[in-house]
Amino acid sequence: MSGLFITFEGVEGSGKSTQIELLRQHLAERALSVLITREPGGTPTAEAIREVLLDPRNKALAPMAELLLYAAARAQHVEERIRPALDAGQMVLCDRFADSTTAYQGIARGLSLELLGEIHRLATSNLRPHLTFLLDMDPELGLQRTRERGRIDRMEQESIAFHRRVREGFLAIADNEPERVVVLDADQELEVIARDIRRHFDAYLERRAREQALAADTP
Ligand code: Z5A
C-alpha cells in the first residue's frame, strides 16, 4: 500500500463534507488527484446498506445488527474502492471510517471495544488511516446545522446525551493517538478551519517524505 489514507471524523454537522471539498480544491490546484468517498457507503452495495442504517423507520435495529451492518458496508468499501486506490498510489479522503464505529457503536452504544477491534480486523485486514482530522464541536450545534436541511435520519434521532458520548469518544481516540488524529475546533469560520487542515496536511506530507528518504538511505 503506497497511497495516502486520510479520514475526517466528528459529530453530525461538524463540517466534514465541507472541509473535504475544500481540501480537494486545494489539492486540485496542486494537480494532485484524490478519491473522495464516505462511510457508510462509497460503493453501490455499501450505499444500499447505508439506506437501511439511516432509515428512521428502522428504529428496532439491534445494536449488534447495527454494528455488523456498518462493518459489512466497510468491508465492501475497503475491498472494492479504498484498497485498490491506495495500492495504485492514490490519495483517499474519506468522510468517516472506523473511528466512527468506536465512538458511536463502542463508546456511545456501549458495545465491547475488543469485539469492535476483532470485527475491524476481519472486515478490513486492519486498515488504518495515516492521518485523521477530528472536527470537534458541541453536538447540539452540529445537529442544529443539519436540522436546517430538513431531514432527520435514524442516528440523528438519538438523544443529545448519546451524541455527547460520541463526542467524548472521539476525543478519547484523539488522546490515545495524537500522532494520527488532529483535533480542530469546528465552531470557527470555514476558511479558518480549512487553513488549519492544509497546514497540518502539508506538515504531514513533509514528515512522510523525510521518513521515506531516511528509510531509502538505511542499508
Ligand atoms: N455512523 C456510525 O454510527 N458508525 C459508523 O461506523 C459510521 C457512521 C461510519 C452517517 O450519517 C451516520 O452514521 C452518522 C454516524 C453514523 N450519524 N450520526 N449522527 P451521515 O453521513 O448522513 O452524517 P454525517 O457524517 O454526520 O454528515 P453530515 O450530516 O453531512 O455532516 P458533515 O459532513 O459533518 O457537515 P457538512 O455537511 O459539511 O455541514 C453541515 C452544515 O453545516 C452545512 O449546511 C454546512 O454549510 C454547514 N457548515 C459546515 N461548516 C460550517 C462552519 N464552519 N460554520 C458554519 N456552518 C458550517
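Is Arg74 buried or exposed? I looked it up and found Arg74 buried, with a relative accessible area of 6%; here buried means under 20% relative accessible area, exposed over 50%, and partly exposed in between, with a 1.4 Å probe and the protein chains only. I note at the outset that this is a predicted model, in which local features need pLDDT of at least 70 and side-chain atom pairs count only at pLDDT 80 or more, while totals for chains, interfaces and linings use all residues. Residues are numbered from 1 along each chain as its sequence is written, and side-chain values use heavy atoms, with hydrogens and water left out.

**Entry: salt bridges**

I stayed with Arg74 and found that its side chain meets that of Glu39 in a salt bridge, at 2.6 Å from N to O; a salt bridge is a side-chain nitrogen of Lys or Arg within 4 Å of a carboxyl oxygen of Asp or Glu. Glu39 lies in the loop between strand S2 (34-38) and helix H2 (44-54), and Arg74 lies in helix H3 (residues 63-87), so the pair ties together parts that are 35 residues apart in sequence. The helices (H or I, at least four residues) and strands (E, at least two) are DSSP runs, numbered from the N terminus. Glu39 is buried as well, with a relative accessible area of 6%.

I then looked up Arg109, which forms a salt bridge with Glu66, the closest N and O atoms being 2.8 Å apart. This pair also links distant parts of the chain, 43 residues apart, with Arg109 in the loop between helix H4 (98-108) and helix H5 (113-124) and Glu66 in helix H3. I wrote down that Glu66 is buried at a relative accessible area of 1%, whereas Arg109 is partly exposed at 25%. The pair belongs to a network of salt bridges that links Glu66, Arg109, Arg154 and Glu158.

Why are Glu21 and Arg24 separated by about one helical turn? They are three residues apart in helix H1 (residues 16-29), and that spacing is the reason. Glu21 counts as partly exposed at 31% relative accessibility, and Arg24 counts as partly exposed at 30%. In total I have 15 salt bridges down for the structure.

**Entry: the sheet**

I traced an open sheet of five strands in the order S2-S3-S1-S4-S5, with parallel pairing; two strands pair if DSSP finds at least two bridges between them. S2 and S5 stand at the edges with a single partner strand each, so one side of each is left without a neighbour in the sheet.

Strand S4 (residues 131-136) has six of its six residues buried, so the strand is largely enclosed by the rest of the structure. In a regular strand the side chains alternate between the two faces of the sheet. In S4 I saw Leu131, Phe133 and Leu135 pointing one way and Thr132, Leu134 and Asp136 the other way, all of them buried. Strand S1 (residues 4-10) pairs with S4 in the parallel sense over five bridges, and among the residues concerned Thr7 stands opposite Thr132, while Leu131 is the bridge partner of Ile6. S4 also pairs in the parallel sense with strand S5 (residues 181-185), over five bridges, with Leu184 as the bridge partner of Leu135.

Strand S3 (residues 91-95) is mostly covered, five of its five residues being buried. Five bridges join S3 to S1, and the two run parallel; Ile6 stands opposite Leu93 in S3. S2 and S3 pair in the parallel sense over five bridges too, and there Ile36 stands opposite Leu93.

**Entry: the ligand**

Last, I looked up the ligand, around which there are 29 residues, of which Lys16, Ser17, Thr18, Arg96 and Thr101 come nearest; a residue is near a molecule if one of its heavy atoms lies within 4 Å of it. An N or O atom in the side chain of Lys16 is 2.6 Å from an oxygen atom of the ligand, and a polar side-chain atom of Arg96 lies 2.7 Å from an oxygen atom of the ligand.

Notes: Polar contact = N/O pair within 3.5 Å; in protein donor to acceptor, adjacent residues only side chain to side chain.
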